[in-house]
Each structure stands twice: as C-alpha cells, then as structure tokens.
Amino acid sequence: ARLEKQLAYDQRKLVSRDVFAEQLKDMRPWLAQLEQKLPTHLDASSVESTLREQAAQSKVEITNLRIVAETVKEGFYAEKPVVLQVQGSAENFLAFMDQVLRASPLRYIREMKIEPSDSSTVQAHLVVTYVHYVEAE
C-alpha cells in the first residue's frame, strides 16, 4: 500500500511537471516581449541616438537633450529620465511623440509643456522616463 501511494504521488508530480512545462512553453513568446519592453539595462548613448533618429524621421529638431541619473524604484525596476527640448511643426511633433511612445523599451511622458515658437512651429519641453528591470544582486 505504501509503494502504491508513492507511485501515485510520483505520477502526479510527473503530470504536474508536464503541465508546467507546457505552460512555460506557451509563455515564452510573452516573456520575450516583456524582456524587450523591460530590458535589464539601458544604454544612455543608445537612448540618445534612438531619440535623435526618431526626431529626424519626424522632421523635428532636438534643441536640447539631457539624460538624468536613473533611480531604482521598489527594488526591482529603475527609471531613467531624459529631458528634451524639441522644435517643429505641431503635426511633426505629434508624429515624433507617436514614435517615442510606441517603441520599446517601456517609457512614459512625465512632464510636457508645449508653446508656440512662431506662426508655424511649436517648442516642447518634455521629460521622457525610460523604465528597465533591475536584476536582484
């Protein structure tokens, strides 16, 4: 009777392992997307070059760009603010913002102030905050 109980227990563990393995296989694409959106490291020069490339594609000019030191939050993620000043037409500025917010890694706009620069352009001051995962040490 003891051996039968042990055998039944071992069989349940094997079935559970197979179920977990299948669930993990199903989750791998989702985990890969999450890793892309929330990387373990953000390279400041890469962030800057991507922003400059997005600005050029959108036909806006970055007149000032400053990357601020990152801050670890909740012990598992960090925020890296980027202070930007951008100038261009309102339509091009909106195209730039669309590109910035849709791209990976995860980021959000913490602050934005838009003012008319002249009759055909706007000047925007904004803080784009990038987020990345901090691995436990």
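Biologist: How many helices and strands does the chain have?

Modeller: This is a predicted model, keep that in mind. The chain has three helices and five strands, and from the N terminus on they run α-α-β-β-β-α-β-β.

Biologist: What makes the chain more spread out than a compact globule?

Modeller: Its radius of gyration is 23 Å, while the globule rule gives 14 Å for 137 residues; the value is well over the rule, so the chain is more spread out than a compact globule. The C-alpha atoms fill a box of roughly 90 × 30 × 20 Å along the principal axes. As for burial, 27% of the 137 residues count as buried.

Biologist: Let's take helix H2. How do you know its span is close to what is expected?

Modeller: H2 covers residues 44-58, which is 15 residues. From first C-alpha to last it reaches 21 Å, and 21 Å is also what you'd expect at 1.5 Å a residue.

Biologist: Which residues of H2 are buried?

Modeller: Val47, Leu51, Gln54, Ala55 and Ser58. Each has a relative accessible area under 20%, and that is why they are called buried.

Biologist: And what puts them on the same side of H2?

Modeller: The arc they cover around the axis is only 100 degrees, so they share one side of H2. Glu53 and Ala56, on the other side, are exposed.

Biologist: What do the buried residues of H2 pack against?

Modeller: Strands S1 (61-67) and S3 (77-88), helix H3 (90-102), plus S4 and S5. Just after H2, Lys59 takes a positive phi of about 65 degrees.

Biologist: Why are S4 and S5 said to pair?

Modeller: Two strands need at least two bridges to pair. S4 (residues 107-116) and S5 (residues 122-133) have nine, in the antiparallel sense, so they pair. One example is Met112, whose bridge partner in S5 is Leu126.

Biologist: How many aromatic pairs turn up in a search of the whole structure?

Modeller: One. The ring centres of Phe76 and Tyr77 are 5.2 Å apart, and their planes sit at 65 degrees. Over 60 counts as edge-to-face, so that's the name this pair gets.

Biologist: Why is Phe76 called partly exposed?

Modeller: Its relative accessible area is 43%. Buried would be under 20% and exposed over 50%, so Phe76 is partly exposed.

Note on methods. Residues numbered from 1 in each chain as written. Predicted model: local features only at pLDDT ≥ 70, side-chain atom pairs only at ≥ 80, totals over all residues. Heavy atoms only, no water. Helix = DSSP H or I, 4+ residues; strand = E, 2+ residues; numbered from the N terminus. Expected span 1.5 Å × (residues − 1). Buried < 20%, exposed > 50% of the residue type's maximum accessible area, 1.4 Å probe, protein only. Arc of directions from axis to C-beta. Contact = heavy atoms within 4.5 Å. Phe/Tyr/Trp six-rings, centres within 6.5 Å; stacked < 30°, edge-to-face > 60°. Rg over C-alpha atoms; globule rule 2.2 N^0.38 Å.
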